[in-house]
Amino acid sequence: MADSDGLVTVFLNSLTPKFYVALTGTSSLISGLIFIFEWWYFHKHGTSFIEQVSVSHLRPLMGGTESSISEPGSSSNNRESETSRQNLSECKVWRNPLNLFRGAEYRRYTWVTGKEPLTYYDMNLSAQDHQTFFTCDTDFLRPSDTVMQKAWRERNPPARIKAAYQALELNNDCATAYVLLAEEEATTIVDAERLFKQALKAGETIYRRSQQCQHQSPQHEAQLRRDTNVLVYIKRRLAMCARKLGRIREAVKIMRDLMKEFPPLTMLNIHENLLESLLELQAYADVQAVLAKYDDISLPKSAAICYTAALLKTRTVSDKFSPETASRRGLSTAEINAVEAIHRAVEFNPHVPKYLLEMKSLILPPEHILKRGDSEAVAYAFFHLQHWKRIEGALNLLQCTWEGTFRMIPYPLEKGHLFYPYPSCTETADRELLPPFHHVSVYPKKEIPFFIHFTAGLCSSTAVIALLTHQFPEIMGVFAKAGKRESPWGPDLPLESSFLLYPRSDDH
């Protein structure tokens, strides 16, 4: 045993300061690489890689899962299942009511910037929507509908456009073929409107024919539902074309007629298109009338509903609002109502103010949105920022008050104030819906994991030790000597071994 201790002592005494510089430098490099990887993984996935591996692989080996398992009928399991069901409902993806035209808007953006504004996940959801709205079990009865059924499933845009032309060769009154061409081939809104008008003429003919046959069989009823969906879609897109081309009153009339003629189709959220057009007309009384109908506790909320309600209340006080004056005399009743409306809107979707205040850059909105998520905030601000700018002082009042919302919301987010607790799944879904060049807004902001702090400290400390050892080997040796006098090697260790870590330069 004494011989082995002696060999270790001789080996350590033979080491030079260069060895320790290399040792600490290598340690600093490795810990720095680990720190960079941890930081990248946290920003991409929102969690620490080391913590994730520890929980998923090491904890089961240490028996950690057994203590956390509770009885099947326990209240904790029931609460967790209820929370998971709530999160699933909160994280439902919705069709963007104001989605842009692929050919006339999204593709033009790609031509100019070289970037793809739509993700594959978003386009795949749109393909599923098209198959749901524009196909039915009786498509095999009409050859043109059979071709279009394949076209909606096709991933390649040129192949879809080619199939639409094939369907028109088989039937010149194929409404869905005109719809596809208007959406994807038309490069201007004028061209898209022309094709939608052709689709409307064909769609109305098919719809009247389906109405006459709807009671003959269940298949005919399904065909009527499909033809109704096609007709509503065409009229809605025609209204959006009119809105984009400046014929706003015409767009409002089409939307109102649609809502009267097809009231069961409220899930299409046509009222959000109507709200935006009425705001452009500055018809604030009509906007309030629409909100009175749709801003109801029994109906699902949206950023458009909540922030438009806040905008209307802000409009009454924003032109005279001053933070200095309000701090001296207090808020009036109207100002309190406006601030409460802003807090309500921010609680529903906390991502919107940064886009309205231009603290974050806007991108083209996706074709689908996640309510209360960053995708909904982008879609709302893209169309409504101009309405906030038009009202004098509205953005100033928003800037002064929106952050006060977070003082009312419990943290951690176990429960909400006016709405359900903010769902934890929005970040993952938004990363799928929004393009990779967009920096996704995350709420609540996640705290940096412990292992990122640890690896950063380890990297920094070892780098400093390596630098000091290289520059001042004798001084570091003195520090090592002072530390070795209290070392756990025991009193039998010779005094010369106090220089084991950092031997003096004149020893070799």
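Predicted model: local features only at pLDDT ≥ 70, side-chain atom pairs only at ≥ 80, totals over all residues.
**Reading cavities and helix packing**

Visitor: How is empty space inside a protein found in general?

Guide: A probe the size of a water molecule is rolled over the atoms, and this shows where empty space is left. In this structure the count comes to 3 cavities of 30 Å³ or more. The largest cavity holds about 150 Å³ of space.

Visitor: Which residues lie nearest the centre of the largest cavity?

Guide: They are Asn96, Pro97, Glu272, Ala304 and Ile369, out of 17 lining residues. H20 gives the most, with 5 residues.

Visitor: What is the volume of the second largest cavity, and which residues lie nearest its centre?

Guide: Its volume is about 90 Å³. It is lined by 13 residues, and Arg102, His130, Glu183, Glu184 and Tyr233 lie nearest the centre. Helix H10 (175-184) and helix H12 (218-244) are the elements that give two or more residues to this lining. H10 has the largest share, 4 residues. By class, the lining of the second largest cavity has 5 nonpolar, 2 polar and 6 charged residues.

Visitor: Now the helices. At roughly what angle do the axes of H14 and H16 cross?

Guide: To read a helix pair, take the angle and distance of the axes, then the hand of the crossing, then the residues that touch. The axes of H14 (residues 270-281) and H16 (residues 303-315) cross at roughly 25 degrees and come within 11 Å. Angles under 35 degrees count as roughly parallel, so H14 is roughly parallel to H16. The crossing of H14 and H16 is left-handed.

Visitor: Which residues of H14 and H16 meet?

Guide: From H14 come His271, Glu272, Leu275 and Leu279; from H16 come Ala304, Ile305, Thr308 and Leu311. The residues of this contact divide into 5 nonpolar, 2 polar and 1 charged. Glu272 and Ala304 belong to this contact, and they are also among the residues nearest the centre of the largest cavity.

Visitor: How far apart are the axes of H16 and H20, and is their crossing left-handed or right-handed?

Guide: The axes are 10 Å apart, and the helices pack at an angle of about 25 degrees. That angle makes H16 roughly parallel to H20. The crossing of H16 and H20 is right-handed.

Visitor: Which residues of H16 and H20 meet?

Guide: In H16 they are Ala303, Ala304, Tyr307, Thr308 and Leu311; in H20 they are Glu376, Tyr380, His384, His387 and Trp388. This contact has 6 nonpolar, 3 polar and 1 charged residues. Ala304, Thr308 and Leu311 of H16 also take part in the contact with H14.

Note on methods
Residues numbered from 1 in each chain as written. Heavy atoms only, no water. Axes fitted to C-alpha atoms, helices over the stretch in contact; angles between N-to-C directions. Parallel < 35°, antiparallel > 145°, perpendicular 65-115°, else oblique. Left-handed = near helix turned anticlockwise from the far one by under 90°. Contact = heavy atoms within 4.5 Å. Nonpolar A, V, L, I, M, F, W, Y, C, P; charged D, E, K, R; others polar. 1 Å grid on protein atoms, 1.4 Å probe; cavity = no way out; pocket = protein on both sides within 12 Å on 5 of 7 lines; lining within 4 Å. Points joined across faces, edges and corners; volume = space filled by probe spheres on them.
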